[in-house]
Amino acid sequence: TWTPNEADSVDQGGDGGPLPVSLAQRKQLLELESAIVQSQDPQATLSHVAQQNGMSPQDLAGMLNRNRKELEETGQLEQMQTELDAAIMQGQGAGGGRSMSATLPRRIIGLVSSILVAIMKTAAVQISKKPKQSTILACLLFATVLVSYNAPRNGIVVFPPFSSGHTTIVQPPNDYLQNYFVSKWTSANGWDNSLPAQSKVAAKKKGSKSKKQPLFGVGMTSSLEIDTANAEEDVTVESTRNEDGYSLVASAYKLIPTSDSDDEDNLEQEYMEESVKSIFLERKFSEFIPGSSQSLKFRSFLVAAEGSDEEDDVVEGALMVMKMLGDFGRYGIEPMCFSYELEEEEEDDPMTHCVAYHTLKGGHFDGEVKFALEQTEEGIVVSVTLAIPQGGRAPPERLAKAMVSSMTESIVESSRIRTKQTLSRRSQSQLYRARASGSATLKRHLRYEQEKSQEEMAKDRKRKWKRNNPDAGRYRPTGCRGPSGSGPVHGF
């Protein structure tokens, strides 16, 4: 402790009294100052220390300030402060990691808050200097955050009135499509048909193969016939406008050739037919869209029927996503519902199978899409038809052709790939069976040779035994030996 002079007190106009001269005492005062500053209540700590030394808080504060000032003038303050901080850190480390871990979150929070405050101050200064540029930059930042959040979730949906149908800026993910389709069913208690009102048209021209007058509505493509007699291995695309009550009919068909030359080709034809039928049953119409990017996607969904608790009672729907179909040349989502499915496969008649879907409200066009396959003498003809009745919204003709041709190419390519996979698995299975059969035959042959060698060795040993044993032929099953001159009557 120190005994101050009353004349040197701060109240009497002094500077707090004399200070110790040694560096150790000055260091102690600096440590005392640091302890007071880092305490939870510095003012109460200062009063307590001053009372313990018989001083007033003002005198103690003046002494500490004078000590710091003189150390600063002599250039020793920085070195002492560094040593003091190192000693404090070492003491905290020796005392355990609890204090360090307790102060680490506070330090991180303090650092983050200081950075945020600095950014806010800088932004406030820039806004006050350049309000227009700052507003544009803020809008760009907000748009960037919004795009990065929505792009992987829903593809950045464009809402009305900026879009006439469901449009996304980027390709929407499959999870969003399924959730959108199911929510559309549950929110409206079903799906709303977007086709125009049903109406009959006048009879067709002479030479038409159909004798029925088409009834426009759900299932209207069942009476629409497309001539595929000239189908070739290259896809053929056709379109007509304003004929027979249709504002637009776009169709594409392609031939999958088959041959009956030998058994292998017959087997390939059988596998091709099974592959095409499985694609139609699984609704895999857009597995291999031609092009570098997936510009078209078709997905089929099953939704529980309205007011039904049975698991088997479901309604089938589908979603078609296509680039350039939506507004602003972006991805358009077209909801569809199952219309009908026809399948004929008899021994005498050729195989035919067709599936159709009609559009629902919320899309970009009003019509029906039919997927069909027909077996001919040359092979299997796959066709896709888009029919838009009068009064319905129609996509651009170029886009409609691209739609039907892409899905036709996809169905044919999927059929070929599945056929190759089936043939490859069959070839591998035959190779495996051949190897297994050869291995089994070799094992049986080796076992036979081994048993034959063992039998020959046994015969050889028996022959040698009889030749070297004079009593070999006198053995009887009863255990009695024959009469001999010197041996016993009974051997055993």
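A: Y357 has a relative accessible area of 0% and therefore counts as buried, a word used here for values under 20%, with exposed meaning over 50% and partly exposed in between, for a 1.4 Å probe and protein chains only. F338, by contrast, is partly exposed at 26%. Both belong to a predicted model, in which local features need pLDDT of at least 70 and side-chain atom pairs count only at pLDDT 80 or more, while totals for chains, interfaces and linings use all residues. Residues are numbered from 1 along each chain as its sequence is written, and side-chain values use heavy atoms, leaving out hydrogens and water.

There are 10 aromatic pairs in the model, a pair being two rings of Phe, Tyr or Trp (its six-membered ring) with centres within 6.5 Å, called stacked if the planes are under 30 degrees apart, edge-to-face if over 60, and tilted otherwise. One of these pairs is formed by Y176 and Y180, which are stacked, with 6.3 Å from centre to centre and 20° between the planes. The two tyrosines, Y176 and Y180, belong to helix α7 (residues 174-187) and stand 4 residues apart, about one turn of the helix, where helices (H or I, at least four residues) and strands (E, at least two) are DSSP runs numbered from the N terminus. Y176 and Y180 are both buried.

In the pair of F338 and Y357, the ring centres are 6.0 Å apart and the planes meet at 80°, so this pair is edge-to-face. Because F338 lies in strand β7 (residues 331-344) and Y357 in strand β8 (residues 352-359), the pair ties together parts that are 19 residues apart in sequence. F338 and Y357 also belong to a cluster that ring pairs build, together with F280, F285, F298 and F371.

Helix α2 (residues 42-52) gives a further view of burial, its buried residues being L46, V49 and A50. These residues cover an arc of only 100° around the axis, taken from the directions from the helix axis to the C-beta atoms, which puts them on the same side of α2. The buried residues of α2 pack against α1 (23-38) and α3 (57-74), contact meaning heavy atoms within 4.5 Å. On the face of α2 turned away from the buried side are the exposed residues Q51 and Q52. After α2 comes G54, which has a positive phi, near 70°.
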